[in-house]
Every structure is written in structure tokens, then in C-alpha cells.
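Student: Could you take me through this structure slowly, and set each label against the rule behind it?

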Amino acid sequence: MQYFTGETLHPVHSFKLRCGMNLITSCCVAMLVHTVVHASAPALQIALSGTVTDGNDPVENAIISLVNNPLFIDTTDADGAFSISNSTGGIDVTRRNSRRDCTVRLSGNRMKIPIAMTNEKVSLYNAGGRCIRRYAPEKDRPGSGIMDLSGLSSGVYLVTFSAGRLSLVRKLMVTATEMYLTGTDAVPSTGIRQRGWSQAAVDQLKITGAGFNDTLVDISSYRMDDLLIVLTPIDSTATETSLGRKYANYFPVGAAIDGDSYRDAHAAIWKEHFNAAVCENEMKWESLQPTEGNFQFDQANAMVNAAVTNGMLVRGHVLVWYNQTPDWVYQGSKEQVLQRIRTHVTRVMQEFKGRVYAWDVVNEAVIGYDAAGQDVGEDLGPLVRWGYRNSRWQQVAGEDHIFEAFRAARAADPDAKLFYNDYWNYLDGKREFIISFVKRLQEQNLIDGVGLQCHLNISTAQEKMTNQTVYQTVENLEKEIQEYAALGLDVHITELDISIYTRDYASSDQSRWYTGYDLNEEYQDKMAARYREFFEMFRRNADKLQNVTFWGIADDNTWLSELSSGRPDHPLLFDKHLQPKKAFDAVMDF
Ligand code: G3I
């Protein structure tokens, strides 16, 4: 016997019960041995109601439907409330293009087959695939259209409505207290063949809400109210492969670009994995105003426009720094120098207004001093105090060079975020000195945040225990972030990279260089662990961090391999082949 499932006609293999008996024989046998068991299931109305929330607040516009009966759906209102009900108590079994009323209804323990269908054969199969009831018009009082459903135990049954070669399948759901038909044609006819077909839940509610995972809720009856359903937000980053999108709910993730990387093979990584940018050198004074009044913006504009075109936030680096600044700038009187700062800051910020959202206005103006007033560098052993770097800026204009730079920047672009940027941002003494002038800048509304460069190392100092990297710990950097944030400052990680070397020995000691082109497993693992612990901390403090920018894209192009010593380094998330390292996986693993 061939029969078809669903409204469209899909011939399935001719039907054979597992026991090998054909359909008719088995039904007759079933009818002969049929014992009468009194059922108590009245026909069922659908009456479901409840509320959908996200665990805290109601979810509006969530769509509630019944998996086995999609004819009945509702959408939650502003209070997250829903109500699903039906009035017909029946189920439609109309064939395509038919105009006849083919609504089959339940009444007490009987299934009422509409007159229009009384010439059809109706068969009831249990979950084991056995035909246990049959309505055949020529036998059962022709025209009566009644199938007796008494004595059915709880469970899920299949009902086939057959007219000649055509057959439709529906489900009959029976519980201890109710019985009802389901309206889906998705019921697989193969269900009849699968012996021991599991007793599915009586039904399920399916809830779909924008931004939430689809949710299925088993229900034991169609008469339930005050249902409370909690949806879980879609974790859009669960399978995210892009670094920037993975951190979309934490902070923008940027990378420093140069005149080549923004458009060469590095660009694909930059655009896929980063949503912020900074020019490594192309927006420094020597690049933008190499000689007085001679502003050169083409290269920087090309890079900034590439970033903006790709929807990236752009940090401006750097307006006033003691390095990469032409000598002519420092010539003449204090006022002449200050005027040059005002002119440079104003012209540059006006050029990039609306495209650069945050500026390193002043960079690295603080150093540690020994008793002789010399810069102690990274050996903090002789350190006696922190103070302004004795730069040419400082020599000519004192701290006014800082305040004038910020004053000019605020005037040039009031919408831009203004930062003081520095390194070794895990040393209490250095922070305390920085705060001593940052607070005064805040009082004049001249500053918005601090940039923590975070040129880190694969581990803290191991030998010279007076080296600054002894303090380069997650705890100390976390404390730094929190202390600046507590002042109401934005905090950006501005130049992140992790050298594979500890800083406590001279980079000129070639016997200690790692010379492999590719990092070995040991270094990969150590770097991955280091990046992991810092990014766990960054995520923990995402409410205090508004940007995390790497100082480069891949290891084949890093300033750390361009130092005068020529020592090769591997500080970033992508290797010299532009492939993601274990460190990348570690940063993505959460
Ligand atoms: O532009 C010249 C080029 O004309 C010349 O042919 C070439 C050969 O020497 O040098 C080029 O200038 C180099 C410049 O980068 C541009 O590539 C300088 O020599 C070189 O010293 C300079 O290094 C930059 C360094 O700042 C300068 O201190 C690094 O690329 C850059 O990554 C680094 O970035 C700084 C941040 O701005 C501030 N925080 C520290 C960070 C690392 O030092």
C-alpha cells in the first residue's frame, strides 16, 4: 500500500510493519484482540498563557508557537505576556484546493470525522507502529463518521486519513487528562515504522525573540497558565572568528598601521580582526609638518580614510612628543615654541576632525630620576623620584608645553577625546606623578583620558630584580587601570605588544636572542599564556577600558625587530607568515 505524508505528495516506500504483516491483516488482527479499556479523556481546548522575560525584564514581540500545532501562535506584548488558545477543538485535514469542510473534531472519547470525509479510511497507529483502530465506512455504520478512542493509554499516536491513493497524517496526543489532535503535516510517516518510537512530550512551546536563542519548553498539557519562560541572549560571539567582533561587547580592538600595511597583505587581517586603527609614525610631527608651515597630510589621510571606510575608530598619535619632532620646532623663545605647538595642534586636528576620535596629545613626558638627576631608564634601583622628562620641550617651555598642547587641542576639536599617553603603566610612583598634572588638566576640562602603552614582555624580570618589568604584572596593570578610571578618566591600552624577551638583559647580547623564524612551542605557549592573562583582566575591566590597540598587526612588521641591536622579536597575535598564533587563540578563548 502506498500512502503519502503531508499536503504535498511524496511517494514513500510501500508500507510494511516490522512484524512483516501487511497493513490490512494487522489491523484486523488488532481489532480481533482489541480489549475495551475505559478512557477518560474529554476533547481538548488549547488554553495556554504566561510571560516571557530575559531573566530580568519582559521580552516584547517574542513569538510563541506550538511545535506540534503551529496553527496557534501569539506574540508577547510590552509586558512579555502571551496567550494561545483555540476555539474549534478540531484539526483541519483539508486536501490541496479542496473546498470541503474537513475539520476533524474530538468529542469525549470519540473522533468525529466530517461528512465530507466519511468515505475515507481513518487508521490509528500506536507509537510502536501498530494499527490499533480503524474507521472503515463500509463497516462502521456508513456515514457515521465516528472512531472510538476509548481505552487509549497516554502517549502519541498517528492518525492517517486515506482517500484512495492519498493519505494525510496527523498526531493524536493523549494524556491522563486530555486528548487532542495536532495540525502538523511534518509528522514523519516513518514514525509508524520505527518500533519503540519514543513517547514525545505532549507538546512544546517554541519561543523566538530577536537577540535571543530559540527556546523550546515542554508542556504536559494544552491547558496551562502563568507559564514563566526565560530567554537567554544569543551569544553572538560564541563562534565568532573575528577578534574585533569577538570583543564587540567589550571594547574596540585596534592595530597600528604603517604606510604599507594598511593596503598590503596585512590589510586583510587588519580589516577582518580589528575595528580601530592608529598610524604608527605617519601622524607624528616630523611626518605632518617636516618644515615650518609645510603640512603634509596625504599619507595620513590615505590611511585614516582607509580605516574610516572600514568602519574603524581612529586614534591620533601623536601631537607633542620629545621624539620624531624636527629641530626647527624648538628654536627661539618659549612663546615662539608654544605658538608652534598651538599652530601644529590646531592645523592637524582640524584636518582630521570627525575622522579621528581620540588623540594622544602629549606622549611620554614623565621619567624616573636618580639622585644625580639622571634618567634611570629601566633600572629602578637608583630611582629616587619621578618627574617631567628633561626634553627640549621641557627645557624651553616647562610644563606649559603640556598644558598649551591640551588647551589648543580642546579648542581645535571639542568633540575629540584628549589623552596623555605613556609606558610602564604599572609603577605606582610614575602613576602618582602623572596624576599630579592630569588632575590639573581635568580641573580645566582639558583632558579625557590616559593611554597605557603596554609594551609588555613575555615575563617579568628574572635576573635584574630592579628592572621595571618586575612590576609588569596583571595585578599592577589592573590596579593602574582602576585608579585612573576612578578619577573619571577614559583608559585606552594604546600600544600593546609582548616581546618574547624579558627586559632585564641587554638586547645586544646576541647569545640570548631567539633566532628561529617561527616561534617554537615553548615560546608559543608562554606568549599565549601571557596574552591570555592580560586579556582576561582587560575583559574583567571592560567597563573601564574604551580601546585596546596593538602596536602592529603581525610579527613580520614590528618596531621591536627594528631596534638598533637588530634583535628579532615576535610580539603580536599574527606570526611572520601572517597566520594567527596560539596567542590569538588564547585571546579569543572565552
Ligand atoms: O622615515 C625614515 C626613513 O626615511 C629612513 O629611510 C629610515 C631609515 O632609518 O628611517 C625612517 O624613520 C624611522 C621611523 O620609525 C619610520 O619608520 C626611524 O628610523 C625609526 O626610529 C622610527 O621608529 C619608530 C619609533 O616609534 C621612533 O621612536 C617606530 O617605528 C614606532 O613603532 C615607535 O613607536 C613608538 C610610539 O610612537 C610611542 N611609544 C613608543 C613606541 C615604540 O618606540
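Predicted model: local features only at pLDDT ≥ 70, side-chain atom pairs only at ≥ 80, totals over all residues.

Student: Why is the pair of Tyr 388 and Phe 437 called tilted?

Tutor: Rings of Phe, Tyr and Trp (its six-membered ring) pair if their centres lie within 6.5 Å, and planes under 30 degrees apart count as stacked, over 60 as edge-to-face and the rest as tilted. By this rule there are 26 aromatic pairs. The ring centres of Tyr 388 and Phe 437 are 5.4 Å apart and their planes stand at 40°, so this pair is tilted.

Student: Which elements hold the two residues of that pair?

Tutor: Tyr 388 is in strand 22 (residues 385-388) and Phe 437 in helix 10 (residues 428-443), 49 residues apart, so the pair links distant parts of the chain. Here helices (H or I, at least four residues) and strands (E, at least two) are DSSP runs, numbered from the N terminus.

Student: What makes the pair of Tyr 420 and Phe 437 edge-to-face?

Tutor: The centres of these two rings lie 5.1 Å apart and their planes are at 90°, so the pair is edge-to-face. Tyr 420 belongs to strand 23 (residues 417-422) and Phe 437 to helix 10, so parts 17 residues apart in sequence are tied together.

Student: How do you know whether Phe 437 is buried or exposed?

Tutor: Buried means under 20% relative accessible area, exposed over 50%, and partly exposed in between (1.4 Å probe, protein chains only). Phe 437, at 0% relative accessibility, counts as buried; Tyr 420 at 1% is buried, and Tyr 388 at 15% is buried too.

Student: Which residue lies over the face of Tyr 423?

Tutor: Lys 430 does, at 3.8 Å from the ring centre; the rule asks for NZ of Lys or CZ of Arg within 6 Å of the ring centre and within 35 degrees of the ring normal. Arg 539 lies over the face of Phe 590, at 4.1 Å from the ring centre.

Student: Why do strand 9 and strand 13 stand at the edges of their sheet?

Tutor: Five strands form an open sheet in the order 9-8-11-12-13, with antiparallel pairing, where two strands pair if DSSP finds at least two bridges between them. Strand 9 (131-135) and strand 13 (179-182) each have a single partner strand, so one side of each is left without a neighbour in the sheet. Strand 12 (residues 166-174) is joined to strand 13 by four bridges.

Conventions
Residues numbered from 1 in each chain as written. Heavy atoms only, no water.
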